Amino acid sequence: MKTLILTGSPRKNGHSMRMAEYLAEYLEGEVEYLSLDNRKDIMPCRDCRYCYTHPECAIHDGMEEIYANLEAADRIVFAAPVYFYNIPGSMKAVLDRLQVYWAGVLRGDKRPLTKKGAILLAGGAPESPRQFQGAIQTLRYMLDDLGAECVGEACMGGTDKKGLDERPDVQEKLRQIAEKLND
């Protein structure tokens, strides 16, 4: 089993990366990390709609590495900080290039849910029931388009004051997600 953890944090040792590493400690099989932060080798989607009639993107750049890694993965995990209720812009720009998977739905090539996925989010603001809703919705739809059933989300608010080491509730949630990913 291969797990691909796509990270979107500009802080390489930040809270979302710490959550991803903690999760990975409990995962079976191979784990690969791929940073989506500030990828200068990836052009933004230009909505040319080439993927509406072809099972690929018209732009050939660094996204080809990401497409190949997604195809090879059995499990896909998105790990990101939340800025103003959603994922960072550089991560969102990369996700926009995954339009090719949504276009597959339009072409009638919807992927069956043969993979598993999860979402890990960290936010500095105090805990709030709505703090992560925008990011969760974005990433859940993306997992679905990638053919990955979302087995859980671990969200950690209040990271301006506490990290993962002081959050046994989040640690437990991460262990539960790992167990579901391993099944």
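Trainee: Which hand does the unit made by β4, α5 and β5 have?
Mentor: β4, α5 and β5 form a β-α-β unit that is right-handed. A crossover counts as right-handed if, with the strands pointing away from the viewer, the path from the first strand over the helix to the second runs clockwise. The names come from DSSP runs, numbered from the N terminus: helices are H or I of at least four residues, strands are E of at least two.

Trainee: Is this model from an experiment or a prediction, and what are the ground rules?
Mentor: This is a predicted model, with residues numbered from 1 along each chain as its sequence is written. Local features need pLDDT of at least 70 and side-chain atom pairs count only at pLDDT 80 or more, while totals for chains, interfaces and linings use all residues; side-chain values use heavy atoms, with hydrogens and water left out.

Trainee: OK, the sheet. What order do the strands come in?
Mentor: The order is β2-β1-β3-β4-β5, five strands in an open sheet with parallel pairing. Two strands pair if DSSP finds at least two bridges between them.

Trainee: Which strands are at the edges?
Mentor: β2 (30-35) and β5 (148-156), each of which pairs on one side only. On average, neighbouring strands of the sheet are turned by 15 degrees against each other, direction ignored. Axes here are lines fitted to C-alpha atoms, for helices over the stretch in contact, and angles between N-to-C directions run from 0 to 180 degrees.

Trainee: How many bridges join β1 to β2?
Mentor: Six, and the two strands run parallel. Leucine 6 has leucine 34 in β2 as its bridge partner. To get from β1 to β2 the chain passes through α1, in a right-handed β-α-β crossover. Also in β2, tyrosine 33 stands opposite isoleucine 5.

Trainee: And β1 with β3, how many bridges?
Mentor: Five, again in the parallel sense. Isoleucine 76 in β3 is the bridge partner of leucine 4.

Trainee: Then how many between β3 and β4?
Mentor: Seven bridges join those two parallel strands. Valine 77 is partnered by alanine 118 in β4. β4 (residues 115-122) and β5 also pair over seven bridges in the parallel sense. Isoleucine 119 has glutamate 153 in β5 as its bridge partner, and leucine 120 stands opposite alanine 154 there.

Trainee: What packs on the sheet?
Mentor: Helix α1 (residues 15-25) does, touching β1 (2-7), β2, β3 (75-81), β4 and β5. Contact means heavy atoms within 4.5 Å. The direction of α1 makes about 140 degrees with that of β4. Helix α2 (residues 63-72) lies across β1, β2, β3 and β4, at about 140 degrees to β1.

Trainee: How many residues of β4 are buried?
Mentor: Eight of its eight. Buried means under 20% relative accessible area, exposed means over 50%, and partly exposed is in between, with a 1.4 Å probe and protein chains only. Lys115, Gly117, Ile119 and Leu121 are on one side of β4, with Lys116, Ala118, Leu120 and Ala122 on the other. In β1, six of six residues are buried.

Trainee: Switching to the cores. How many residues has the largest one?
Mentor: The largest nonpolar core has 36 residues, and Leu70, Ile76, Phe78 and Leu121 have the most contacts inside it. Such a core is a set of buried Ala, Val, Leu, Ile, Met, Phe, Trp, Tyr and Cys residues joined through side-chain atoms within 4.5 Å.

Trainee: What does Leucine 70 touch?
Mentor: Not counting residues up to four places away in sequence, Leucine 70 touches Leu4, Leu6, Ile76, Leu98, Tyr101, Lys115 and Leu146. Apart from that core lies another, of 21 residues, with Ala20, Tyr22, Ala24 and Ala154 among them.

Trainee: Last one, α4. Which residues there are buried?
Mentor: In helix α4 (residues 99-106), they are Val100, Tyr101, Ala103 and Gly104. Seen down the axis of α4, the buried residues fall within an arc of 155 degrees, so they line one face of the helix. That arc is taken from the directions from the helix axis to the C-beta atoms. The cover over the buried residues of α4 includes α2 and α5 (133-145).
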